[in-house]
Structure formats: C-alpha cells, structure tokens
Amino acid sequence: MTHISAPNASASSAAAHVEALLASYPDFPQPNILFRDLNPVFADAVAFRAIVDDLADQHRGQFDAVAGIEARGFLLAAAVGYAANAAVLAVRKGGKLPGTVLTEEYDLEYGSARLELEVGQLPAGTRVLILDDVLATGGTIAATSRLIERAGYTLTGVGVVLELTDLHGRERLGTAPVHAIMSI
Ligand code: AMP
C-alpha cells in the first residue's frame, strides 16, 4: 500500500476553503476597487479553524506574540494567539489608544490612514507575527512593521489570508517571511 504524506495538508485545505468561500464585490467601497470579502470564510466554522491552524502552523516556533491590525486582523490574531499560546497586540486605527503610543501614517489602495501601537506592552526583542486579512498594496503591513520595530520588538513573520499579487504589496515589506494562504 502506498503511503502518501501530506506535509502541507493544512495549507492546501485552508486555501481550498478560502477559494470556495471568498466573495468579490466590484466598485466597493468606491469605483474601480474590487473588494474581497473574507467574512464568508470567518462565518464557516470549519474554514475558520483551517485558516487559523494554517497561519499558526506556517510560523510555528517563530513568534511569541501576534499583532492583529484593526479590524479584521483582530479576528485572526485572537484566534492564532490562543492556538499558539502567544500574546496578542492590537494595532489600532489612529486616536483610539490611550497612554504613550507610536503612530505611523500611510497610503491605502483607497485613501490614507494612521495606525497606532501602545508602547511597553511586551519586553524588547519579543518575536512578533503580524496578521491581517488581505495584503493589497502592502502599506498597512509596512506601517505595522515600522510600529513593531519602533516598539523594540523583532518582526519574524507576516501572515495573511489573501494576497492580491497584481498590487505587488510583498515588495514593500522587509525580509521577514510572508505567508499568504491564497494569492490571486
Ligand atoms: P494595503 O495597505 O493596500 O495592503 O491594504 C490592506 C488593508 O486594506 C487590509 O486591512 C484590507 O482589509 C484592506 N483592503 C485593501 N484592499 C482591499 C480589497 N481589494 N479588498 C478587501 N480589503 C482590502
């Protein structure tokens, strides 16, 4: 009997779930934007578990904390943090965090934005995995990378559910490994 090993079983099944459930909305939230909606993936218990397990597995042993980007990145960071026994950092939109915060301004595929991180949450050198739903132009994750590094942490990976390859966002990111469950 032939034994077939499947080292990437969780990755391929996570990608299959995303491919089956991803919804696309032309001209949302403004003309010429093809909005990729991952809520149907989050709303399917089996698919959600598959993507969370895959994000945790791809970077296993390489992070002590996950940084979720408001708002959809929070859904992933909370679950991956729990699954991997990792701390959770919330990277929030501007003006929502108290105390001493670091700020980064950046351009979006549509508009511009500001992200912030509270300082002193974790020890310097903590290994951080950044999580978000979609990698588009890369501005959001690049800004988050700068926040992580300015806070004294070490960025060891980036995980996203979906990468929009024609926007070349990956090229704006640094040397930390970037894992996308699905690329289109
Ligand atoms: P970017 O900074 O261009 O990589 O954009 C990433 C952020 O914007 C992510 O948090 C996404 O949720 C959101 N985003 C950008 N473009 C899209 C898109 N076409 N469909 C869905 N979400 C998007």
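The paragraphs below lead the reader from the sheet of this predicted model, through its helices and cores, to single residues and aromatic rings.

The structure is a predicted model, in which local features need pLDDT of at least 70 and side-chain atom pairs count only at pLDDT 80 or more, while totals for chains, interfaces and linings use all residues. Residues are numbered from 1 along each chain as its sequence is written, and side-chain values use heavy atoms, with hydrogens and water left out.

Helices (H or I, at least four residues) and strands (E, at least two) are DSSP runs, numbered from the N terminus. Seven strands form an open sheet with mixed pairing, in the order E5-E6-E4-E3-E7-E8-E9. Its edge strands are E5 and E9, each of which pairs on one side only. From one strand to the next, the twist averages 20 degrees. Strands of a sheet pair through backbone hydrogen bonds, either parallel or antiparallel; here, two strands count as paired if DSSP finds at least two bridges between them.

Both senses of pairing can be followed in this sheet. Strand E5 (residues 101-107) and strand E6 (residues 112-118) pair in the antiparallel sense over seven bridges, and Asp 107 stands opposite Ser 112 in E6. Strand E3 (residues 65-69) and strand E4 (residues 87-93), by contrast, pair in the parallel sense over five bridges, with Ile 69 opposite Val 91 in E4. E8 and E9 are also joined in the parallel sense, over five bridges, and Val 160 stands opposite Ala 180 in E9.

A residue is buried under 20% relative accessible area, exposed over 50%, and partly exposed in between (1.4 Å probe, protein chains only). Five of the six residues of E9 are buried. E5 has a covered face, made of Leu 102, Glu 104 and Tyr 106, and an uncovered face, made of Val 101, Thr 103, Glu 105 and Asp 107. In a regular strand the side chains alternate between the two faces of the sheet.

Helices lie across these strands. Helix H3 lies across E7, E8 and E9 and runs at about 150 degrees to E9. Helix H5 (residues 139-150) lies across E3, E4, E5, E6, E7 and E8, at about 155 degrees to E5. For these angles, axes are lines fitted to C-alpha atoms, for helices over the stretch in contact, and angles run from 0 to 180 degrees between N-to-C directions. Contact means heavy atoms within 4.5 Å.

In soluble globular proteins, nonpolar side chains tend to be buried together. A nonpolar core is a set of buried Ala, Val, Leu, Ile, Met, Phe, Trp, Tyr and Cys residues joined through side-chain atoms within 4.5 Å. The largest such core has 29 residues, and those with the most contacts inside it are Val 18, Leu 38, Ile 51, Val 80 and Leu 131. The elements that give two or more residues to this core include helix H1 (9-21), helix H4 (72-83) and strand E8 (154-163). H3 gives the most, with six residues. Apart from this core lies another, of 27 residues, among them Ile 69, Ile 130, Leu 135 and Ala 142.

Single residues show the surroundings in more detail. Leaving aside neighbours within four places in sequence, Val 18 is in contact with Leu 38, Val 41, Ile 51, Val 161, Ile 181 and Met 182. Val 41 lies in helix H2 and is buried, with a relative accessible area of 1%. Asp 133, in strand E7 (residues 127-135), counts as buried because its relative accessibility is 5%. Beyond its neighbours within four places in sequence, Asp 133 is in contact with Leu 38, Arg 72, Leu 76, Val 160, Val 161 and Leu 162.

A pair of aromatic rings is described by the distance of the centres and the angle of the planes. Rings of Phe, Tyr and Trp (its six-membered ring) pair if their centres lie within 6.5 Å; planes under 30 degrees apart count as stacked, over 60 as edge-to-face and the rest as tilted. A search of the whole structure finds two aromatic pairs. Phe 28 and Phe 35 are edge-to-face, at 5.2 Å centre to centre and with 80 degrees between the planes. The rings of Phe 42 and Phe 48 have centres 5.9 Å apart and planes at 75 degrees, so this pair is edge-to-face. Phe 42 counts as buried at 15% relative accessibility, whereas Phe 48 is partly exposed at 25%.
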